Every structure is written in C-alpha cells, then in structure tokens.
Amino acid sequence: MSGYADPTPAPASQPSVTEIGTTSAPLKSAAFFIGAYCKDYNDDFMLCKAENRKPENCLQEGRRVTRCTADILTKMRENCLTEFENHWKCLDMRNQEYYRCRKPERALNECMFTRLGLKKVIPGSPAGQTPIHEVQNPIYTNVQK
C-alpha cells in the first residue's frame, strides 16, 4: 500500500461509509456469501452503473453495497470465525486458488449454512451436476491447450 492519501475531502452531500479494511483473501473466501447476502444491493448498484455515465450518481448504491458487505463479514466473524480464518489463510498461502483449499472451504460452507442459513451457490453452474466445491474426490489433471 502506498503512503498516498488524497487530501481532498469528500463533498458534504456524500454520506460517509466505513471502508471494509481487509485484504483480498478474506474477501475471496467470503465472495459467494457476499454475493448471495447482498444480491439486491449489488443488483441496484449495477443497474445504476448501467444507466448512468457519471460514477458519482451511484455513490449511494455503492455505499449500500459496502455496508452490506461489512455486515455479512461481521456475521461471519461472529458465527464462524475459526472456519472463516482457516479458509482465507489457506487461500492466502496457496495463491488464492479455491481447489487447493477445499477442506477448510467445506467446513466454512457447513458453518455458514448451519448458523446463518447461507449456502454457497456458484452462479452459472450446470444443473444436475454436483457443484465443484462439493465433489468429494476430485481428479486433478494437467490441462493441455
């Protein structure tokens, strides 16, 4: 992180929001849960971005997404701290590749479903097939192009 901070204050018309303040590994670990939990806010933000050319027109929607993300991360820490930390630390140590961290991921998914009622769903997964994160004995092979 650079030492630069923009000295220009935000306009008074912009509501303030506390930044998430986390690195990419915890965000990646929580990504599917953030997507499910904050879906309505994310959809509003994306619709606003599609309808407006000026980014400042969507600041309010963006702040809602940030608040929602902070809320689900807080709930994850309160209810599934050990599982969450084990998973994101695994991702952090293994180049943030999901397939290398399936065991802690399964523990996190189970905890999130049991305590918060959230289930990991990968958008666009083929219907009728076991989702990749639920395959018990995956076979890893080299991919040739």
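Is C68 buried or exposed? C68 is buried, at a relative accessible area of 7%. Buried here means under 20% relative accessible area, exposed means over 50%, and partly exposed lies in between, with a 1.4 Å probe and protein chains only.

Ground rules next. This is a predicted model, where local features need pLDDT of at least 70 and side-chain atom pairs count only at pLDDT 80 or more, while totals for chains, interfaces and linings use all residues. Residues are numbered from 1 along each chain as its sequence is written, and side-chain values use heavy atoms, with hydrogens and water left out.

Disulfides, then. The criterion is a pair of cysteine sulfur atoms within 2.5 Å. That rule gives four disulfides. Counting bonded cysteines along the chain, the pattern reads 1-4, 2-3, 5-8, 6-7.

Back to C68. Its partner is C38, with the sulfur atoms 2.1 Å apart. The S-S torsion of C38 and C68 is about -100°, so this disulfide is left-handed. C38 sits in the loop between α1 (24-37) and α2 (39-51), and C68 in helix α3 (residues 59-93), so the bond ties together parts 30 residues apart in sequence. A word on those labels: helices (H or I, at least four residues) and strands (E, at least two) are DSSP runs, numbered from the N terminus. C38 is buried too, with a relative accessible area of 0%.

Next, C80 and C111. Their sulfur atoms are also 2.1 Å apart. The torsion about S-S is -95°, and the link is left-handed. C80 belongs to helix α3 and C111 to helix α4 (residues 102-116), 31 residues apart. Both cysteines, C80 and C111, are buried.

Then C90 and C101. The S to S distance is 2.1 Å. What is the handedness of this disulfide of C90 and C101? Its torsion is about -95°, so the disulfide is left-handed. C90 is in helix α3, C101 in the loop between α3 and α4, and 11 residues separate them. C90 and C101 are buried.

On to the rings. An aromatic pair is described by the distance of the centres and the angle of the planes. Rings of Phe, Tyr and Trp (its six-membered ring) pair if their centres lie within 6.5 Å; planes under 30 degrees apart are stacked, over 60 edge-to-face, and the rest tilted. How many aromatic pairs does the structure hold? One. F32 and Y98 make a tilted pair, 5.8 Å centre to centre with 50° between the planes. F32 is in helix α1 and Y98 in the loop between α3 and α4, so the contact ties together parts 66 residues apart in sequence. F32 is partly exposed at 22% relative accessible area. Y98, at 18%, counts as buried.

The test: NZ of Lys or CZ of Arg within 6 Å of the ring centre and within 35 degrees of the ring normal. The charged end of K28 sits over the Y98 ring, 4.9 Å from the centre. K120 lies over the face of Y98 too, at 4.8 Å from the ring centre.

K120 takes us to the last topic. Which residues line the largest pocket? They are R106, N109, E110, F113, L118, K119, K120, H133 and E134. By class, the lining has two nonpolar, two polar and five charged residues. Those classes are: Ala, Val, Leu, Ile, Met, Phe, Trp, Tyr, Cys and Pro nonpolar; Asp, Glu, Lys and Arg charged; the others, Gly among them, polar. As for the term, a pocket is an open set of points on a 1 Å grid over the protein atoms alone, where a 1.4 Å probe fits, with protein on both sides within 12 Å along at least five of seven lines; lining residues have an atom within 4 Å of a point.
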